[in-house]
Amino acid sequence: MRRIHRTRRDWAADLGLMLFAACFAAASSDSIPIEDGLDPLWRTVDQVIGGLGCATVLLRRRWPVALAVALLLAGSEVSHYLTGPAMVAVFTVAATRPWRATAWLAAVAFVPLPAFLWQLPEVSGDRKSSALTYFALIAGAIGWGLFRRSRQQLIDSLRERAELAEADAELRAERARREAREEIAREMHDVLGHRLTLLSVHAGALEFHTKAPREEIGKAAGVIRESAHLALRDLREVIGVLRAGPAEDERPQPELADLARLVTEARAAGGRIELTGPPDGPAPPPMVGRTAYRIVQEALTNARKHAPGAAVTIRVAGGPADRLTVEVHNAPPPGAAADTGGGGGGAGQGLIGLAERARLAGGELRAGAAHDGFRVRAWLPWPAADPVSAAGQG
């Protein structure tokens, strides 16, 4: 026998429907037509059968179709007090069973209707009213069950669509993070390849020119040491970044000093941009500078897309042994409210990629709508200048 697991909510619903069937039977007892000369004992038996019928409502989850058919047949042939349980049973079938089962049950329920309508002129007023009310109640129970099932199917469909949309958003976010990692890996590959190539060339020169002047040997050794030091530092930054696909052709990578050129190009395109910084003095590490450049570039792109004509303020500050702070703020354009950039076709994937870039560089990025527009803030580490590196550069 199939075991039915019921939650507390299921038990509450079943007991409530059983109580409804009993109350309906009690409330409608006075309107049930009684034949003249009917034995009072039979009336008592009829009521007992009605009470048992109300109790069978608790079986509606295990045998809904069989229970509904039995109650419909018994209600028309045996007992007058089974209308309430029959309504609950047909409602259950219509709400939980396939369309075919509901159609067959409706056919069973309304088979007596044509014969009753044929004999309608000969039926007394009380029996006529009682029978028409019975068929109307059964039809209403079936209709309500169908509505309940359609509503549940709609809720299930919406829930499934929401879960699919959430899974799709997670996939797109993961794709954006992976693309950001791959881009960083490509940039770091270019840097490491350049430095390691220099190291190999100078080491080969020392190997094949053992009788070179001492000054040239010392100079080459210094270049090798510097290249190895910088390559190891960049390698530590890229550890953990997995790269997919073949490396692209080498191309120059932007750094913090290129922000002025980026702003000039944006102004030439009609943008109202104010740039404060970058700070004077030594440049930050290449990865930090590139990350800051990409953050400003993406923020300006978003401002052009979502708030055309808005004034943009860029502030870059920081120094060695501290951190580099990048802040981009765009105000709403005159006479309109700025789009925060959360909508549109990209759905914020650019900001997700920038946050991943900042995290891989050891920093943090936050972006969101403010009362005066949209603001992007990033904090990137800026380690102190290495004395060996500084001496090599000097």
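Leucine 365 stands opposite alanine 378 in strand β5. The partner strands are β4, residues 364–370, and β5, residues 373–382. Strands here are DSSP runs of E, at least two residues; helices are runs of H or I, at least four; both are numbered from the N terminus. Seven bridges join β4 to β5, and the two run antiparallel. Strands pair if DSSP finds at least two bridges between them. With two residues between them, β4 and β5 form a hairpin.

A word on the model. It is predicted, so local features need pLDDT of at least 70, side-chain atom pairs count only at pLDDT 80 or more, and totals for chains, interfaces and linings use all residues. Residues are numbered from 1 along each chain as its sequence is written, and side-chain values use heavy atoms, leaving out hydrogens and water.

Now the helices. How do α1 and α4 pack? Helix α1 (residues 8–27) meets helix α4 (residues 83–96) at about 145 degrees, with axes 7 Å apart. Axes are lines fitted to C-alpha atoms over the stretch in contact, and angles run from 0 to 180 degrees between N-to-C directions. Contact means heavy atoms within 4.5 Å. From α1 come Leu17, Phe20, Ala21 and Phe24; from α4, Thr83, Gly84, Pro85, Met87 and Val88.

Last, the cysteines. Cysteine 54 is buried at 5% relative accessible area; cysteine 23 is partly exposed at 44%. Buried means under 20%, exposed over 50%, partly exposed in between, with a 1.4 Å probe and protein chains only.
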